Amino acid sequence: MKKKIASSIGLSAIDEEAVDERSLSTKPSKTGRLRSFSSIFFNPLQSRDSSSVFKADELFLFFLPAGGFAGNTGHDPHVLYTLSAVQILALFDKLDILDVGKVSSYVAGLQNEDGSFSGDMWGEVDTRFSYIAICCLSILKCLDKINVVKAVDYIVSCKNLDGGFGCTPGAESHAGQIFCCVGALAITGSLHHVDKDLLGWWLCERQVKSGGLNGRPEKLPDVCYSWWVLSSLIMIDRVHWIDKAKLVKFILDCQDLENGGISDRPDDAVDIFHTYFGVAGLSLLEYPGVKAIDPAYALPVDVINRILLTK
């Protein structure tokens, strides 16, 4: 039976020991290396003291001659896993071991004539990939390798009448896609294209009676939207439009103190994905004892400052 913690703000903290030691193990799984690769990044407590568990050279088992990283050995490179690799190296201050020229050229080479980005050589286009490419190249300080104006114009073409953004022009607004578009616009200094009041209204309407947030109308709340929705609200300065206390309670109610981790909703099974976004959401909510995270880059603020404020 899952134990619940008292979850009012300032009363109780995350069970850090349970979260860190059980649900976020970075040991390779029996089914391969994919889980260990992903879990290095999806560990919200990792940057605390992790030199003993991370070996940077292991990442290069997933590096392909094309310049990108794959999700597992034997897989094709993809911009998504390439960003994950860059973020992991950034967390551990190991970007210097990366062939920045090769990786940035791989990412830049995925931009299409209309400014959009494909995820890999097979050509799927999605605003997720626009964000991923822009975020990755920004961390590597190589945004000049792409046509930023066209990239921004494509993202703006995916804006809908409700203020939100979809995966392609005309596609339904979704909180995950909105984060990707708003995040990319924030990184490129293009937030003036966003109707902040209209989008802020759509995003604050995602909060349901339990305090949790959903990704689109009439859907169940999910802890992961504590990141997708909240980060967007912060980037457009409308986070005060939701009930922060109720959201904190919802996130904390999704903890499993016996086995560690955070689930999508109370009493569901925990997983590393929702644990990361739950802790990230608490960080955005300035929960006591949780490290500050940047809402556009999804990395600790001190990591982003170290990267972007150095030549």
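Student: What covers the buried residues of helix 8?
Tutor: The cover includes helix 7 (175-187) and helix 9 (225-235), with contact meaning heavy atoms within 4.5 Å. Helices here are DSSP runs of H or I, at least four residues, numbered from the N terminus. This is a predicted model, where local features need pLDDT of at least 70 and side-chain atom pairs count only at pLDDT 80 or more, while totals for chains, interfaces and linings use all residues. Residues are numbered from 1 along each chain as its sequence is written, and side-chain values use heavy atoms, leaving out hydrogens and water.

Student: Which residues of helix 8 are buried?
Tutor: In helix 8 (residues 196-204), they are L199, G200, W202, L203 and C204. Buried means under 20% relative accessible area, exposed over 50%, and partly exposed in between (1.4 Å probe, protein chains only).

Student: New topic: how many salt bridges does the structure hold?
Tutor: There are 9; each needs a side-chain nitrogen of Lys or Arg within 4 Å of a carboxyl oxygen of Asp or Glu.

Student: What does K150 form a salt bridge with?
Tutor: K150 pairs with E113, their closest N and O atoms lying 2.6 Å apart. That pair links distant parts of the chain, 37 residues apart: K150 is in helix 6 (residues 148-157), and E113 is in the loop between helix 4 (100-108) and helix 5 (127-139).

Student: And is E113 buried or exposed?
Tutor: E113 is exposed at 64%, whereas K150 is partly exposed at 29%.

Student: Which residues are linked in a network of salt bridges?
Tutor: E124, D126 and R128. Between D126 and R128, the closest N and O atoms are 3.1 Å apart. D126 is buried at 6%, and R128 is partly exposed at 31%.

Methods:
Helices (H or I, at least four residues) and strands (E, at least two) are DSSP runs, numbered from the N terminus.
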